[in-house]
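Take a moment with the sequence and the model before reading on.

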Amino acid sequence: MFQVDVPPFLRLPPELLRFVIRALEPRSRSCLARCCQTLYRTVSAVQWHSPLATLQAISDREYGSLQDVGRLLFASLLRHARHIRELEFPDPSVIVNGGIGTLSASASGLVAFDAGGLDPYAVEDTDVRELIRRCPMLRRLSLSDCVRCTDSSLLCLASSEQARFFDRLFLDRCSEMADTGLVALLSKTPHLLHLSLNLMPLATAIVVKTIAVTCRKLQNLCLADCDAATDESISWVASGCPDLAFLDLSECKNLTEAGIIEFVRIRRKTQHAYAGFKSLRLNGLDAATDRSLIALLTGEYEDVLEPWDTSRVSVSLETLELANVVNITHVAISAISCCMPVNSLYTLNLNNVGIPIDETSVENTRKSLISLFKQQRRIKYLHMAGGLSGAVETKVCEAIAENLASLEGLDLSECELVSDDGSRNIALSCRNLVHVNLKGSMGISDGTVQAFVDQSNPIPSKLRFLNIGLCNKITDAATQYLCNLCTSSSFDSKGLHTLKFSGCFDITDATLNSISDCIVKSHNASTTMSDALISGSLRLLCFSGCHKLTSSAITRLTSFLPHLESINLYSLPNVTNNAVSLIAQTCPRISSLVVSKCPVGDVAALAIARGCLRLHTLYMSFLTQLPGITHDGVSTHLTDVGVRALLENCRALKLLDLSRADFISDDGFAGEDSLELQILTLRACPRLTFEGAVRVARRCPRLHTFDTLGCFLLGPVEREQLRKIIEG
């Protein structure tokens, strides 16, 4: 018998083969797909699970307009559709109206579909019906943020054959879905394992009761900011969902401490041993107190707070989020350390936790944190913004440095007692850090930045996101170290991605020139092609308030950042019309731009309209440019001409702030076509009339916030009428 000699690479288990392919860059994936049919099918399935990398590769070859890139990618999706099993959309340019129906007709083998990354208004009931009809193998569906989907989508899904096989369902922020559709669908999904209903204003407690009765295999339940979560409804979940291990009750205002205690009592009664949770998200929950938190962790709900019996807890907590919780003390922090197995916690969020500010409580909290870090050495993500009422200081930082070597994300923003002594130790010891937020930690200086990128350290820095805004001790000296991370790379996985200097008033052009020089040097070292495009790794820049920066240094840097997506130039007196024009020309992928309180006008607006077609957020308020005319006849200040150009060309614009624009009138917003604007701020625009404001509101069917405060031609009566038009 003839035997085919299968290469060793293809003998790998399918899941391991997919893991290897995911680690490859887009160009390498394309080469691998050409080897044989087996690899072609496998690469296609992996590549189109998340098309962001492919979108970037297409954009690198030909920027084009937003619509052009979307058409190219959509055509590729259709060409590979028969191989797709899982699909998500992180970029809203991919799908146009009716596109989901067209795609689902070809991708009949879809098992998982995530529409959460699309534009909130792109998916409608008809699209969902087509998806359900065309994809009989569908088992996982995410419609998060699809605000035009209603109960009709849910009723269609409930009547389909695949409903009873669904194991994951995400309906976060679907504000038009109510009890009728939710109850009908959830009563047909007995095998559901993961359900997310965050921020669904029309859902009531009957939905949660249906979950408890039908979804008895449920393991993950998210009810953040949902009025359906009440003391009574979660007691039904306690008895009906014994396997629940992931729970999100953040911002649930209808829950009380007594309700949480009762939930634990019923849960403990229905289980042979209290199973605990793998993940607890209780952000902003008023019912989160010392007693209720200890009860959730240990199953102990009696009046005595300690000692705690954890012998019956069989599940190790991996994620605990308590951001903005104000009703706990150091006792709860101590319980986190004492109630859990050693080294079980991976994520801890204590942002803005309101610990009592008396000296004894603060000192006890500090000791509890140090003890916690000694017990939980595998923490990867630690958030302590606000400093826990002053408990976070040098000793706590030293404990982090000594124990949390695996740390990847750290938020110490607004920690006033953190100094270089503590932060340097963290920087030198925690070399796996990727995300670091030190905004507003006034004790931080250049020494900390130097430690993060210390080249003499045998372990290279992995830092990609750095926020040192409002750290007014940062100077240009920091950048001689920081620029080493600003490499030349077109891939999102390499080099510094985000750099925020907002409020660092001592930063000058020397900082930006150092970064530019390093990008050029990195580019020259990595390629032999002298004409190859220089592409820095930076995607997000914030220079708000750095008044010493000049246009020449900013434009030189941005000329090396063709993939830049966001830049904040708020209140920079040296940023001119010409500077913004150059940025718009060299950075076509910008989606967020802030030039408020800068001397710019129509010249900049016209350049933005020509070059930044992906723009969805634009702040051009309180502009300081004096009236004038260029030699081309274009106004140097902002007028109706610039506003019309922005609205006609930047079709993806969602947020626009033109406050205190003294020379724009109703004519700037004239037009018949509809706009995608959702937030429009026109404060103190003296020429805006009520008739003009009404026309603007009617051109924007998705507008939900229209701020006209200070427009003296609109009185209180007119503003109330305008509000009714928007809400109606």
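A salt bridge is a side-chain nitrogen of Lys or Arg within 4 Å of a carboxyl oxygen of Asp or Glu. The model shown here is predicted. Side chains of opposite charge can pair when their charged atoms come close. How many salt bridges does the structure hold? The count is 21.

Start with aspartate 145. Its salt-bridge partner is arginine 173, and the closest N and O atoms are 2.5 Å apart. Aspartate 145 sits in the loop between strand 3 (140-142) and helix 8 (151-158). Arginine 173 sits in the loop between strand 4 (168-170) and helix 9 (179-186). The pair therefore ties together parts that are 28 residues apart in sequence. Are these two residues buried, partly exposed or exposed? Aspartate 145 has a relative accessible area of 24%, so it is partly exposed. Arginine 173 is partly exposed as well, at 33% relative accessibility.

Now go to helix 26, which spans residues 716-727. Here glutamate 720 and arginine 723 form a salt bridge, with 2.3 Å from N to O. They are three residues apart in this helix, so about one helical turn separates them. Glutamate 720 is partly exposed at 32% relative accessibility. Arginine 723 is partly exposed too, at 35%.

Arginine 723 also meets the side chain of glutamate 727 in a salt bridge, at 2.7 Å from N to O. Both residues lie in helix 26, four residues apart, which is about one turn of the helix. Glutamate 727 is exposed, with a relative accessible area of 58%. Elsewhere, salt bridges that share partners join Glu130, Arg133 and Arg134 into one network.

Return to helix 8 for a residue of another kind. Serine 153 has its place in this helix. Is serine 153 buried or exposed? Its relative accessibility is 1%. Buried means under 20%, so serine 153 counts as buried. Leaving out residues up to four places away in sequence, serine 153 touches Asp125, Val128 and Ile132.

Next comes the nonpolar interior. In soluble globular proteins, nonpolar side chains tend to be buried together. The largest nonpolar core of this model has 213 residues. Which residues have the most contacts inside this core? They are Phe373, Met384, Ile608 and Met620. Helix 23 (residues 602-611) gives the most to the core, with six residues.

Methionine 384 deserves a look. Its neighbours within four places in sequence are set aside here. Among the residues in contact with methionine 384 are Leu350, Leu369, Phe373, Val392, Val396 and Ile400. Its contacts also include Asn351, Asp411, Leu412, Ser413 and Cys415. A second, separate core has seven residues, including Leu17, Ile21, Val43 and Val46.

Last, the empty spaces. Rolling a probe the size of a water molecule over the atoms shows where empty space is left. How many cavities of 30 Å³ or more are there? The count comes to six. The second largest cavity has a volume of about 50 Å³. Its lining is made of Leu647, Cys650, Arg651, Leu653, Leu675, Glu676 and Leu677. Five of these lining residues are nonpolar, none is polar and two are charged.

Note on methods:
Residues numbered from 1 in each chain as written. Predicted model: local features only at pLDDT ≥ 70, side-chain atom pairs only at ≥ 80, totals over all residues. Heavy atoms only, no water. 1 Å grid on protein atoms, 1.4 Å probe; cavity = no way out; pocket = protein on both sides within 12 Å on 5 of 7 lines; lining within 4 Å. Points joined across faces, edges and corners; volume = space filled by probe spheres on them. Nonpolar A, V, L, I, M, F, W, Y, C, P; charged D, E, K, R; others polar. Helix = DSSP H or I, 4+ residues; strand = E, 2+ residues; numbered from the N terminus. Buried < 20%, exposed > 50% of the residue type's maximum accessible area, 1.4 Å probe, protein only. Contact = heavy atoms within 4.5 Å. Core = buried A, V, L, I, M, F, W, Y, C linked by side-chain atoms within 4.5 Å.
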